[in-house]
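Please have a look at the fold before reading on.

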Amino acid sequence: MQTTCCYCGVGCGIVVKQESNGRLTVEGDKQHPSNRGMLCSKGMNLHYTVMDQSDRLLYPQMRLNRSMPMQRVSWDSALDRTAAVFKTFIEKFGPDSVAFYVSGQCLTEEYYLVNKLIKGFIGSNNIDTNSRLCMSSAVVGYKLALGEDSVPVCYDDIEEADLFLVQGANPAWCHPILWRRIEAHKAANPNVKIICIDPRRTDTARSSDLHLPIRPGTDIVLNNAIGRLLIENGDIDLDFITNHADGFTTYHTQVMLRSVEEAAEICGVSVEDIRTVADWIGRSKGFLSLWTMGLNQSVVGVNKNLSLINLHLITGRIGKPGNGPFSLTGQPNAMGGRETGGLANVLPAHRDVTNADHRAEVEAFWNTPVRIADKPGLTATEMFDALNTGTLKAIWIINTNPMVSMPDVNTVEAALKKARFVVVQDVSNRADTVQFADVVLPAAAWLEKEGTMTNAERRIAYLPKVIDAPGEALPDSEIIWRFAQKMGFEANFSYTSVAEVYDEYAKITAGTNIDITGVSHELLKQKRTIQWPFPQGAGSAGQGTKRLFSDNQFYTANGRAQIHALPDENTSEPTDSDFPLVLTTGRIRDQWHTMTKTGRVAKLNQHIPQPFLQIHPDDARIRGIQDEQLVEVRSRRGEVRVKAQISEDVRPGLCFLPMHWGKRLNNNLNRANNVTNALVDPRSKEPDFKFSAVDVVLYRKP
Ligand code: SF4
């Protein structure tokens, strides 16, 4: 059976086979346009995560207070109690006393249902997703520059490009199949160049023609300097700027404020390298920029995004084959979730909760018994703050593990202990969050339920149910619609299939920029994948819209792209004599998120079996630290204890911790987020995971 990988946003096609003994095998789907048969190590071992049932949640469980053990209960008992508690809080404290925290691993239909329930029927916008932690700066960047959260390019642009600028991303490890396409294209076309901008010398940097190991937090300074050189070199597209973009004059003034020499000094790279980047952009025919968390996970993440998108707008390199800004997504359905409005500030089809017309459209479509709230709800980090202050009483966590993934995670632990009511809906008890639950709801895993996902190039794929879920585990969609019925909303949540949910969601996109009224489960089964937009009647349009803005008509009110003049200061947590190093966190090749899936697979654990701290030899030497010694990373919030890996792959003054490990090992002390800070970008509310002030000392047993 054909399905889609449930790890990263590349969205590779997979063929799953079940042998007569029930054993599953997976292989890359040669027909799938995204991966053309290739799979990375995580995808190749995906079947083991389903076959290992040892830690699966099999039955609903609940307890009346946290000092009691969990007891197996029926679905009706678990949902009746949850509905009773939610109704009591809503009646007593208002609809904003409850919240849902969901995941970029949820399928589109699941996102749609939770969003509909809380925004349209409970009357609160308190739904946010762990995609807030990885994509929200790109969302705001696209919206400000292009008018909407719309990735303009597609993977086929890789084979049309001759210059790749990879900034704050390590696709060689984190989006391996895309990277293999880039490498194959470069191998066949020696003129193709790759630039990597990253404070770390990653595998991506090692395979690039030019690596700029900039100081953390200086991306805007660098991108402004590149913009200045493009202007000075005459490598801008005046025709595009004049006819299709606003803001160039103020941008021009801004980028001229700093000389290239000064920018090089701030960024810690050579003037010559900055000039080379500008020259290569100027000479290229196809300029594709790719980025992820290095730009997004920043207290100035939106401006970092805009500074890179600006380079495309001043050169007119957008909407043309092989050209455009391309934010890569870390989760399989980060984009699908955003489409359905699964963020605290948006409504389905990229509508806005603060827009009265948009609210009215959605209220009418859903026939809501309450008005949709006109202010954004609590975002991911705000939810846990509100649990700590007591304004939020109940949280329902679906398929995500905030006890490992949130910044300054000790405050999240305190919040979950303080919460009056916690529901955890998940596949296995590997999620560290399960221990804080009052009610645990067992969810069906990948291959055990059907639905759709949208990958990083706007490509919607249908995922069939291949095997039965164990025990009493249910598809997440069914759990949500059953709960909505218990809340008294039977008439609006009386679905009998996931396809019905999808059809309803497709209808609400009518007339919007992401119109998918022509898409259905049935059509997806025939066509395999479709790129949105794909309106009704587009059936003959192959697999949908490959590229946006080919007509230079942007989604802004006046149809013109917006170039932004950007201040270049970084407002991250300052370093000082107590905490003189900058810590950045990130992924390793064979693990994914908090290891609730990949941690089950022996082969994947072999790659890097333990967490580590990468530190530069100069910083290790002055601290008397040798390779493989146990060190303690300390910040203003907590500590982490791991072995040192001394390496020139990080700049002096910078150290790196992988973000995957949780509290199951070493009594919490492997958890990178013990030390990260909770600062967020003021517009995207995305945390500053890439910049925390820390110190590192040799650990000595007390
Ligand atoms: Fe899965 Fe991403 Fe690997 Fe493709 S690149 S197989 S989507 S983890």
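Predicted model: local features only at pLDDT ≥ 70, side-chain atom pairs only at ≥ 80, totals over all residues.

Residue numbers start from 1 along each chain as its sequence is written.

Let's begin with the whole chain. It has 25 helices and 28 strands, which are DSSP runs numbered from the N terminus (helices are H or I with at least four residues, strands E with at least two). A compact globule of 702 residues would have a radius of gyration near 27 Å, and the 24 Å of this chain agrees with that; the radius is taken over C-alpha atoms, and the globule rule is 2.2 Å times the number of residues to the power 0.38. Of the 702 residues, 59% are buried, where buried means 20 or more other C-beta atoms within 10 Å of a residue's own, exposed means 12 or fewer, partly exposed lies in between, and C-beta atoms are placed from the backbone.

The domain bounds come from an automatic or database domain assignment:

| Domain | Residues |
|---|---|
| domain 1 | 2–51 |
| domain 2 | 61–129 + 334–495 |
| domain 3 | 136–327 |
| domain 4 | 581–698 |

The centres of domain 2 and domain 4, taken over C-alpha atoms, are 30 Å apart. Where these two meet, 16 residues of domain 2 are in contact with 18 residues of domain 4, contact meaning C-beta atoms, placed from the backbone, within 7 Å. On the domain 2 side, α19 (402–405) and α20 (409–418) each supply at least two residues.

The largest nonpolar core holds 188 residues, and I226, I274, M383 and I395 touch the most other members. Such a core is a set of buried Ala, Val, Leu, Ile, Met, Phe, Trp, Tyr and Cys residues joined through C-beta atoms within 7 Å. Helix α4 (residues 108–122) gives the most to this core, with eight residues. Another core lies apart from it, with 25 residues, including V582 and I646.

Finally, which residues of helix α12 (residues 260–267) are buried? They are A263, A264 and C267. Seen down the axis of α12, these fall within an arc of 100 degrees, so they line one face of the helix; the arc is that of the directions from the helix axis to the C-beta atoms. The buried residues of α12 pack against α9 (219–232) and α13 (271–283). After α12 comes G268, with a positive phi near 75 degrees.
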